[in-house]
Every structure is written in C-alpha cells, then in structure tokens.
Amino acid sequence: MSSDALIDSLSSAVDARPDDLPLRLHLATLLLDAGRGGEAIAQIGQALAREPGSDAAQALMQRALGAAVPPPPPAPPAVPAAGPAATAPQPPAQRPAPAGPTDDPLAAYEQELADVVPPRFARAGDEPEPVTGDDDRVYDVETSTIRLADVGGMSAVKERLELAFLGPLRNPELRRMYGKSLRGGLMLYGPPGCGKTFLARAVAGEMGAKFVSLSIVDVLDMWMGNSERNLHELFEAARRNAPCVLFLDEVDALGHKRSQVSSSSMRTLGNQLLAELDGMEGSNEGVFVLAATNTPWDVDPALRRPGRLDRVVLVLPPDAEARAAILEYHLRERPIAGIDLRKVVAATEDFSGADLAHLCETAAEYAMADSVRSGEVRMIEQRDVERALKEVRPSTRPWMATARNVAMFANEGGVYDDLVAYLKKRKLI
Ligand SMILES: Nc1ncnc2c1ncn2[C@@H]1O[C@H](COP(=O)(O)OP(=O)(O)OP(=O)(O)O)[C@@H](O)[C@H]1O
Ligand SMILES: [Mg+2]
C-alpha cells in the first residue's frame with residue numbers, strides 16, 4: 001500500500017477517534033516521513049492540546065519543528081539535562097511569545113500552531129470581553145438534531161414522554177380544553193451510560209425546541225451567592241428561549257437530600273432550585289425541565305412534588321432491539337465486513353449504550369492494530385468483535401445491585417415500581 005493511501009485511511013481513523021493519541025501520533029510520524037511537515041505539526045498540536053504532558057507527542061513535535069522551521073543557530077555546548085539552568089536565562093515574562101523569530105522551541109511551536117490549535121489557557125490580557133445581561137454565557141442554548149427515532153428501543157419511555165410532553169405540545173386546542181399548561185418536569189433515572197442524556201436531547205429535537213443543558217459544575221461557583229445567581233440565570237435563559245427543554249444532568253448533586261447536606265450553601269442552592277422549578281422567580285410556561293440521575297434515592301423528595309419533577313421515568317439498559325440499533329449506529333461509519341449482529345446482540349445482555357460504543361471502539365482498535373502491524377488495511381471482522389467481547393464487561397450490574405436494595409426496602413409511595421417490575425422480570429429479586 002502506498003504511503004499516501006495509508007495516510008488517508010489513518011486520517012479517517014483519526015477523525016473517527018479524535019482522542020486516540022497513539023493513532024494520531026502514528027499518523028503524524030507517517031506525515032513527517034512523507035515530507036508533509038505542516039500537516040504533521042497540526043496533528044501533533046491536536047495531540048498536545050488533548051494531552052499536554054505526553055512525552056511522545058513532545059518529542060515528535062521537536063522533531064517536526066526541526067524539520068519544518070529553519071534550525072536555530074548552533075547553541076553553545078549543550079547542558080545535558082534541560083534543568084533549571086537551561087531555562088534560567090529566559091526572561092520571566094516569556095508569554096505571550098514575541099512576534100519575531102525565536103529560538104525557544106516552545107514559543108516557536110506556539111507560533112507555528114497559532115492558526116491550528118486554540119491556546120489552552122486564556123490569560124488575563126486576552127480574555128474575551130465579559131458579556132453581561134442577556135447573553136447566554138454560563139451554558140449553551142442549542143438546537144438538537146437528534147430525534148426520538150434515533151434512540152434505539154425504549155418504547156415504554158418514549159410513550160411516557162409522548163403523554164407528558166409531546167402530545168400536549170402538539171395539541172394546543174386540547175391543552176386549552178383541559179386547562180393544561182405547557183410546562184412540566186420529569187426525572188430520568190437508571191444505570192450509567194444507558195441514554196438518559198441522549199434521550200433528553202432527542203426530546204428537544206422532537207419538540208423542535210431549544211435545549212439548555214447544565215451540570216452541577218456549570219452552576220457551582222466559589223463565590224458566595226454566585227451559584228444561586230448562575231442557577232437563576234440558567235432558568236431565565238430557558239424562559240427566554242421557550243419552548244425549551246432545560247436539562248439538569250446529575251440532579252442528585254444539585255438537589256441532594258437536604259437532610260444529608262451539611263454545607264449551608266449547598267442547601268441554599270437546593271432551595272433555590274425548588275423556587276425556580278415552582279416558577280416563583282418567573283413564569284415557567286413553555287419550559288420543560290428534564291432531569292437525570294443515576295442515584296434517584298439521593299435526590300431530595302421535595303423535588304418530586306407535583307409541579308416540579310413530578311414524573312419519574314426509568315431508563316433501562318437497552319433490550320435486544322435497542323442493542324442492535326445502538327451497535328449499528330456505532331458501526332455506521334466504520335469499515336466492517338461479516339459482522340454477525342444477532343450474535344453480538346445475544347452476547348451483550350446488560351451492556352449499556354456506552355458499553356456497546358466501547359465494544360465497537362475496541363473491535364476497531366484490534367483491526368487497526370493488525371493493519372498497522374501488517375501494513376495492510378483490513379476491515380473490522382467478527383473475530384475482532386469476539387475478542388473485544390472478552391475484554392469489555394457490562395457496567396450496569398453494580399448499579400442493579402444497589403437498585404435492588406432500594407427497590408426492596410425503600411420503595412416509598414411506589415416511586416420505584418418500574419424498577420421492581422424489571423428486577424422481577426430479570427429474576428433479580
Ligand atoms: N437507546 C440508545 N440508542 C442509541 N444510542 C444510545 C442509546 N443508549 C445509549 N446510547 C449511546 O450511549 C451513549 C451514552 O449514553 P448517555 O450519555 O445518554 O448515557 P447516560 O444515561 O446519560 O449516562 P450517565 O448516567 O453516565 O450520564 C450515547 O451517547 C449514545 O451514543
Ligand atoms: Mg448523562
């Protein structure tokens with residue numbers, strides 16, 4: 001295979017797996033060898049942006065820069081290790097790098113990369129102008145393109161969503177007749193990686209509504225009172241963008257059972273969340289609050305009162321039909337040949353969507369490692385998947401073990417009836 005063809009196929013592999021560092025560096029090495037230094041630098045820059053500490057990437061960058069920029073004038077007899085002595089003569093304020101040519105390799109490659117990789121840290125001087133007032137800054141307001149049809153399986157969950165949200169939204173006449181307002185809250189819960197976040201995006205896509213998502217880290221602020229303000233701003237942004245799905249990821253962190261919260265500022269934040277959900281701070285008409293958690297038993301029960309997150313929906317590990325859909329989705333852009341989907345589906349009971357994605361990645365890795373070793377690109381085959389199956393274990397079982405205890409001993413008011421039914425069906429209780 002010619003080196004250009006190999007580079008092309010490796011480039012597509014890197015596009016599909018942008019975080020795979022060894023793969024990217026391999027591509028960069030080939031580019032370098034082929035005399036395509038500029039492209040190699042771009043690749044190494046991406047690698048360094050993801051993993052700045054990587055020695056391999058640093059070394060390759062040195063090599064690439066040696067090839068791409070004119071070599072610096074011969075240095076005085078080198079000190080063997082680049083210890084403090086080597087860096088001492090440089091002025092302390094070496095950043096931002098001066099514009100002219102320089103023999104500091106770091107500064108040189110920063111210049112080289114200025115167009116390719118954004119700086120990793122913004123310094124005081126180049127921070128963007130603070131935006132005030134109406135701009136949605138702490139969070140992103142986006143339009144989702146995923147539709148419910150993209151979510152494999154989950155027919156029960158989809159039905160609940162249809163009844164609670166989508167139906168009323170589509171039928172304003174009926175809504176008026178029944179005096180139903182266009183707002184609501186629903187909490188998705190279940191084991192990790194089973195599509196809660198994915199589903200929330202799909203709901204937004206289905207409604208043609210905007211999607212505002214937040215996780216606890218977006219709200220928390222070290223300054224007293226700022227966290228509450230952030231939370232309020234987030235709800236305000238959702239209200240301005242109605243109809244809108246406001247997605248509170250990991251809501252257990254935000255609305256933790258108040259009896260268990262020792263810090264008073266977290267308690268204040270929990271209360272603020274209740275107030276925002278009640279619409280005390282502004283009308284929530286057209287704002288659908290979806291929340292997700294792996295640990296609903298840690299969530300403040302006050303959050304589940306009517307008018308707040310009053311519907312609770314269990315998102316289970318994908319069933320066979322869903323697994324087939326998820327596997328197809330994750331293999332759709334990969335070179336595959338002779339994969340026996342039925343067999344894989346049968347072997348992946350209890351796998352979460354994320355586990356299935358990981359399985360596909362691992363199989364691709366094996367096929368690629370083979371291709372790299374032999375220099376001949378081959379397709380991903382059933383044997384790669386079988387090998388990956390030996391390595392990737394389902395991650396939902398520990399969650400089920402905890403959930404089992406909750407279902408058996410703490411199913412107050414029947415909140416976890418769905419879970420009990422599932423565990424019974426699976427003969428886990
Ligand atoms: N039913 C599904 N159909 C298609 N893809 C799915 C499905 N379930 C999960 N996935 C895939 O698995 C990935 C992980 O799902 P997601 O991030 O939504 O899980 P989660 O339940 O939010 O997990 P966590 O509790 O860890 O936040 C998704 O990005 C998607 O690619
Ligand atoms: Mg999630």
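Is Asp-310 buried, partly exposed or exposed, and what is its relative accessible area? Asp-310 is partly exposed, at 32%. The views below come from a predicted model.

**View 1. Asp-310 pairs with Arg-311 in a salt bridge.** The closest N and O atoms of this pair lie 3.7 Å apart. Asp-310 has a relative accessible area of 32%, so it counts as partly exposed. Arg-311 is partly exposed too, with a value of 27%.

**View 2. Five residues share one salt-bridge network.** The members are Arg-17, Asp-20, Arg-334, Glu-361 and Glu-365. They are joined through salt bridges that share partners. By the rule used here, the count of salt bridges comes to 21.

**View 3. Arg-17 forms a salt bridge with Glu-365.** Look for the closest N and O atoms, which are 2.8 Å apart. This pair links distant parts of the chain. Arg-17 sits in the loop between helix 1 (3–16) and helix 2 (21–33). Glu-365 belongs to helix 16 (residues 353–374). Arg-17 has a relative accessibility of 11%, so it counts as buried, the cut-off being under 20%. Glu-365 reaches 34% and therefore counts as partly exposed.

**View 4. Helix 7 packs with helix 9.** Helix 7 covers residues 155–170, and helix 9 covers residues 196–207. Two packed helices are described by the angle between their axes and the distance between the axes. Here the angle is about 35 degrees. The axes are 11 Å apart. Helix 7 passes helix 9 in a right-handed crossing.

**View 5. Side by side, the contact residues of helix 7 and helix 9.** Helix 7 brings Val-157, Leu-161, Phe-165, Leu-166 and Leu-169. Helix 9 meets them with Leu-199, Val-203, Glu-206 and Met-207. Sorted by class, this contact has 8 nonpolar residues, 1 charged residue and no polar ones.

**View 6. Glu-206 also forms a salt bridge, with Arg-147.** Their closest N and O atoms are 3.3 Å apart. Glu-206 lies in helix 9, while Arg-147 lies in the loop between strand 1 (141–143) and helix 7, so the pair ties together parts that are 59 residues apart in sequence.

Key
Residues are numbered from 1 along each chain as its sequence is written. Chains are lettered from A and ligands numbered from 1 in the order in which they are written. This is a predicted model: local features need pLDDT of at least 70, side-chain atom pairs count only at pLDDT 80 or more; totals for chains, interfaces and linings use all residues. Side-chain values use heavy atoms; hydrogens and water are left out. Axes are lines fitted to C-alpha atoms, for helices over the stretch in contact, and angles run from 0 to 180 degrees between N-to-C directions. Helices (H or I, at least four residues) and strands (E, at least two) are DSSP runs, numbered from the N terminus. A crossing is left-handed if the near helix is turned anticlockwise from the far one by less than a right angle, and right-handed if clockwise. Contact means heavy atoms within 4.5 Å. Ala, Val, Leu, Ile, Met, Phe, Trp, Tyr, Cys and Pro count as nonpolar, Asp, Glu, Lys and Arg as charged, and the others, Gly among them, as polar. A salt bridge is a side-chain nitrogen of Lys or Arg within 4 Å of a carboxyl oxygen of Asp or Glu. Buried means under 20% relative accessible area, exposed over 50%, partly exposed in between (1.4 Å probe, protein chains only).
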